[in-house]
Amino acid sequence: MLNRQGRPTAAGEAGTNAHPTFTGNKALAQIEPLIFEIGHHETTGVDLDEPEAFTPRLGGLERKEAIGLPGLSEPEAMRHYVRLSQMNYGIDTGLFPLGSCTMKHNARLNERMARLPGFSDVHPLQPVSTVRGALEVMDELSRYLVTLTNTTTVALSPKAGAHGELCGMMAIKAAIEAKGEGKTRNVVLVPDSAHGTNPATAALIGFTVRPVPARDDGWVHVDDVKKLLGPDVAAIMLTNPNTCGLFENQVVEIAKAIHDAGAYFYCDGANFNAIVGKARPGDLGIDAMHINLHKTFSTPHGGGGPGSGPVVLSARLAPFAPVPFITAENGVLTLVEQAKDATEQPFGRMTAFHGQMGMYVRALTYMLSHGSDGMKQASEDAVLNANYIRASLADLFSQPFGDKPCMHEVLFDDAWLKDTGVTTLDFAKAMIDEGYHPMTMYFPLVVHGAMLIEPTESESKASLDLFIAALRDLAMSAKKGETERFSGAPYHAPRRRLDETRAARTPVLKWTKPAPFAEAAE
Ligand SMILES: Cc1ncc(COP(=O)(O)O)c(C=O)c1O
């Protein structure tokens, strides 16, 4: 069925249109074409005066013709984006079980604080004397991060977890170079189960990655690490709790072995939300660790990054932190902006400015509103919720490392789907029909058909029970051979199953006018 724009309707695509409508809309489930398809070049939502005649000064580089942006009236533009947002799934619409991504509730109090004009209107080029309050926030946040991790300092400027990894590893590289070992120590150990950003970071700054092979219990073993150590090893990048949802039970021994070999311990702290208030990474021997503020301290997550991934550093690496950093001069906070004003500053700064003020305010609000007992309880509840799901599904789903307690996320494999004709991907698509965002699939790579579920502490028991019931119902359906429920899923989403391979191989990154539209527009 075609809608009034001549495009297939959502209902038509979904193939479940028992009662077709003229518009293609299904009551509140509205379809929405691309803005290019509904906009008109002659329409504008703003009323500006014609510019006065002027002489171009771009030396012939100025635009010669209209760029063809679609115009909409204000209500049309508003409706377009609101409708698009309603086709999306978010933490404010339902449980978001993505493991390793930690979609937890973003408290509205955080948002309110971040919108205070003194924070939201602050400009990075304002004189320091006019932003003392902002510096106080950054300083207080830094002190909490350092206290919770028992480290020496923190670099606030990295803009995401992966950027924090880069910062921490650059500090390690700088420290190695300062010891005159820059040419000899060029290997970084990375477990097979690591997030892809770990080896990518190490390779980006010129290290060779030496994998630590996965074991069938999900843990990294100190004996394996020792076998790979040598005078060429600069660091290990170890995630703790790891991507299999387990606390590395030999982490202290691994840290010792790494230090004895003259190397540094980078900890991927993406999963810090499982241990806040319970264990301090500094006590475990880490030298550098990034903290994804969006995962642990409830800042918004989306659009490819949280906008802030501070890195805590041990005393050994503190002198190699990038600028800018905050310091107190005669009791007044100020910023050290220039590398020459710091003791050791081999790589200067990570970003043009200091970081993401909005995230700092939100994270600090979360910390202050929870208090130390509340943050600890959030970690305990996150772990409890993951284990509740694990225990409630253990009879139907299979676990790659046996039925043992997990941290904040529970990992299943696809062994239980063997001979059902249903894959992890099919199962995830059927979850969409049940109104849930799928869990993380096929990660970590060391587990076949991985399904990584992280409920977070935000979910109530009632919400978890419904989620568990839905997953059990799907699992029993798969085991009963009701493959149709899975093979065509999602049946009820605005778009059906997309051809991900084609999308990846031949991505369409630019909109081109379809011929009939071009004719109609002329
Ligand atoms: C274990 C782990 N490390 C690193 C990262 C990278 O963090 P970010 O997405 O903030 O760059 C992630 C992100 O999901 C992760 O799960």
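**Entry 1: α13 and α15**

I looked up helix α13 (residues 357-393) and helix α15 (residues 461-479), whose axes come within 10 Å and cross at roughly 30°. The model is predicted: local features need pLDDT of at least 70, side-chain atom pairs count only at pLDDT 80 or more, and totals for chains, interfaces and linings use all residues. Residues are numbered from 1 along each chain as its sequence is written, and side-chain values use heavy atoms, without hydrogens and water.

I noted that helices are DSSP runs (H or I, at least four residues) numbered from the N terminus. Axes are lines fitted to C-alpha atoms over the stretch in contact, with angles from 0 to 180 degrees between N-to-C directions.

I recorded the crossing of α13 and α15 as right-handed (the near helix is turned clockwise from the far one by less than a right angle). On α13, the contact (heavy atoms within 4.5 Å) is made by N385, Y388, I389, S392 and L393. On α15, the residues include K461, D465 and R472.

**Entry 2: α7 and α8**

I next found that the axes of α7 (residues 161-178) and α8 (residues 197-204) come within 9 Å and cross at roughly 45°. I listed A162, E165, L166 and M169 of α7 as meeting T197, N198, T201 and L204 of α8.

**Entry 3: cavities**

How many cavities of 30 Å³ or more does the structure hold? I recorded five (sets of points on a 1 Å grid where a 1.4 Å probe fits but cannot get out).

Note on methods
Helices (H or I, at least four residues) and strands (E, at least two) are DSSP runs, numbered from the N terminus. On a 1 Å grid over the protein atoms alone, a cavity is a set of points where a 1.4 Å probe fits but cannot get out, and a pocket is an open set with protein on both sides within 12 Å along at least five of seven lines; lining residues have an atom within 4 Å of a point. Grid points are joined across faces, edges and corners, and a volume is the space filled by probe spheres set on the points.
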